[in-house]
Amino acid sequence: PAAVLALSAAMVTPAAAETPANVTLDGYYRVRGYYLTHPDLEPDTRPNVERYFQHRLRLRPDFFINEAVSLHVMADAVDDQVWGANTGNVLSQSTADDAPNFLVKRAWGEVDSAFGEFRVGRQGSHFGKGLFSNDGLGFRNEWGDAHYGDTYDRILFATKPLGVEEPLTASLFYDKIVETSGVEGLDDTALLKGDVDQIGLSLQWEKDDLTAGLYGLYRFQSQTDTRVWIPDVYVSWDDGFWHADLQVVGIIGETRALTALLARGDEYRNDAGDTVTVNDQYQLVRPQLTVQAFGGSTELGARVSPKVDLAIELGAATGDDPGAEAFADGTFAEFSFDPDYNVSLLMFEEANRLFTDNSLRQQQASLDAANPLLGGTSIRDYCTGTVCNGTDFRTSEQALADFSQSTAGSLTPTQGAVRNAFYIQPKVRFTPTPSVKVFAAFLWARALADVETRELTDPANRFSDALTARNYGFELDLGVSYSYTDNFVIGLQAGWFKPGDVFVRANGDEAPSMFLVQPRFTVVF
């Protein structure tokens with residue numbers, strides 16, 4: 001990073017000091033209404049509907065100090081807060097009314113030179129369709145909205161190596177990842193994580209109908225012995241009638257970042273690669289895992305008339321065995337799309353997000369509950385006093401905190417991302433006038449690896465193994481938007497989701513259908 005900084009600084013051509021400063025302001029204000037039935041996928045034994053409005057004001061001022069130097073800021077006010085006296089955030093399941101009303105999320109400087117552009121500071125990152133690296137900017141999603149955005153503390157140098165007029169752009173960068181848990185009640189600062197670093201190279205070619213690129217990362221963290229390579233390839237072609245795109249991402253390497261709470265008889269691979277069987281009633285381990293996770297998405301479409309576009313999207317994200325079985329073979333294979341890449345309104349964005357978030361909370365509760373297998377002692381107390389103290393952890397409490405946040409499989413919240421799934425989505429886009437857009441889609445998805453459900457093998461024992469399933473179900477979505485001007489858009493989106501047996505209720509009954517109506521109001525400036 002120091003060499004990149006020195007080289008970039010040496011190439012900068014100072015601008016004239018007398019160049020006047022200039023300030024511009026971009027951003028948006030959005031309001032989204034939610035009428036969501038069966039958010040917990042339980043029947044109407046009580047009023048089971050969520051009704052609320054949520055809004056965000058995003059400000060993106062740019063300060064052009066002179067012809068070469070500029071400063072850029074991104075700040076959010078009332079960020080996804082619910083209307084009313086309670087300013088909590090539904091996405092994080094927060095009911096607190098002390099959420100910050102204004103937060104600066106990014107700030108970075110840019111210097112232009114005759115050789116390229118140099119950026120330093122906290123900035124977003126986006127590549128291709130946003131399948132893996134997604135800055136959360138703009139309104140790229142056909143369904144729903146971006147809520148997070150990937151943010152890095154980054155040093156970057158970008159240039160056009162073949163010439164300013166040529167289609168190739170190259171970027172070299174060094175990052176420290178900016179992390180947020182996305183789960184209420186888990187303190188990131190208490191987790192045994194530390195800084196995660198990465199270096200990367202981006203190459204992008206844009207000419208005529210073709211856009212193609214490579215986004216390569218090497219991510220490492222000494223504290224957890226993590227070393228992974230992340231190749232990300234993107235190709236897009238559009239000749240006006242036919243259009244197609246493809247993005248494929250892989251994560252390949254090794255890590256000890258995942259913590260497992262294993263019971264007697266479970267197996268895992270130790271650092272030497274040997275299979276070890278747990279002899280204690282419970283044991284916390286952080287095994288060395290080989291990472292082999294892959295994801296991809298492609299869309300093929302045709303504009304059969306100036307007003308009608310027919311398309312089909314297919315996507316897949318690899319999965320892993322649930323629970324302790326994920327560690328038995330020494331390989332971790334679960335891949336998650338970026339949570340700001342929205343396939344639809346409900347299946348992953350709402351239903352699976354809430355399902356996996358509740359699974360984590362239930363696991364945390366079971367750690368504190370009296371376990372009949374331990375004579376009424378909680379797993380947390382049992383581990384604090386005996387076998388869960390290990391040399392791999394500073395304290396057993398720290399290990400349990402790690403486990404709650406970083407365990408593999410269905411206990412890790414998805415934040416709405418596609419994970420462990422194969423899906424097919426035909427879609428229709430209809431534009432009767434330049435200001436009106438109508439779009440509809442059908443989504444079907446199935447897990448590639450078993451998913452633990454809410455149903456137990458022994459319903460009388462809350463600590464018994466959960467049954468597994470693979471069918472996520474199917475969904476119908478419909479949306480319409482009207483642009484009164486380029487700066488003012490109103491719309492309505494609605495979705496109906498029929499859950500598959502992944503979401504079966506604890507008593508084995510089918511989960512009820514989920515329905516969402518979302519009025520949308522957006523001012524862009």
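## Exercises on salt bridges, strands and cores

At 11% relative accessibility, Asp197 counts as buried (buried is under 20% relative accessible area, exposed over 50%, partly exposed in between, with a 1.4 Å probe and protein chains only). The structure is a predicted model, in which local features need pLDDT of at least 70 and side-chain atom pairs count only at pLDDT 80 or more, while totals for chains, interfaces and linings use all residues. Residues are numbered from 1 along each chain as its sequence is written, and side-chain values use heavy atoms, with hydrogens and water left out.

**Exercise 1.** State which residue forms a salt bridge with Asp197, and which strands the pair ties together.

*Solution.* 
1. A salt bridge requires a side-chain nitrogen of Lys or Arg within 4 Å of a carboxyl oxygen of Asp or Glu.
2. Lys176 meets this condition with Asp197, their closest N and O atoms being 2.8 Å apart.
3. Lys176 belongs to strand 7 and Asp197 to strand 8 (residues 197-207), so the pair ties together parts that are 21 residues apart in sequence. Strands (E, at least two residues) and helices (H or I, at least four) are DSSP runs, numbered from the N terminus.
4. Lys176 is partly exposed, at a relative accessible area of 29%.

**Exercise 2.** Determine whether Asp175 and Arg154, whose side chains meet in a salt bridge, are buried or exposed.

*Solution.* 
1. The N to O distance between Asp175 and Arg154 is 2.6 Å.
2. Asp175 has 0% relative accessibility and counts as buried; Arg154, with 5%, is buried.

**Exercise 3.** Identify the strands to which strand 1 is joined, and the sense of each pairing.

*Solution.* 
1. Two strands pair if DSSP finds at least two bridges between them.
2. Strand 1 (residues 22-37) runs antiparallel to strand 2 (residues 49-64), with 16 bridges joining them; Val31 stands opposite His55 there.
3. Strand 1 also pairs with strand 25 (residues 514-524) in the antiparallel sense, over 7 bridges. Here Tyr35 has Val517 as its bridge partner.

**Exercise 4.** Name the residues with the most contacts inside the largest nonpolar core.

*Solution.* 
1. A nonpolar core is a set of buried Ala, Val, Leu, Ile, Met, Phe, Trp, Tyr and Cys residues joined through side-chain atoms within 4.5 Å.
2. The largest core has 49 residues, and Tyr472 and Phe503 have the most contacts inside it.
3. Strand 22 (residues 436-456) gives the most to this core, with 6 residues.
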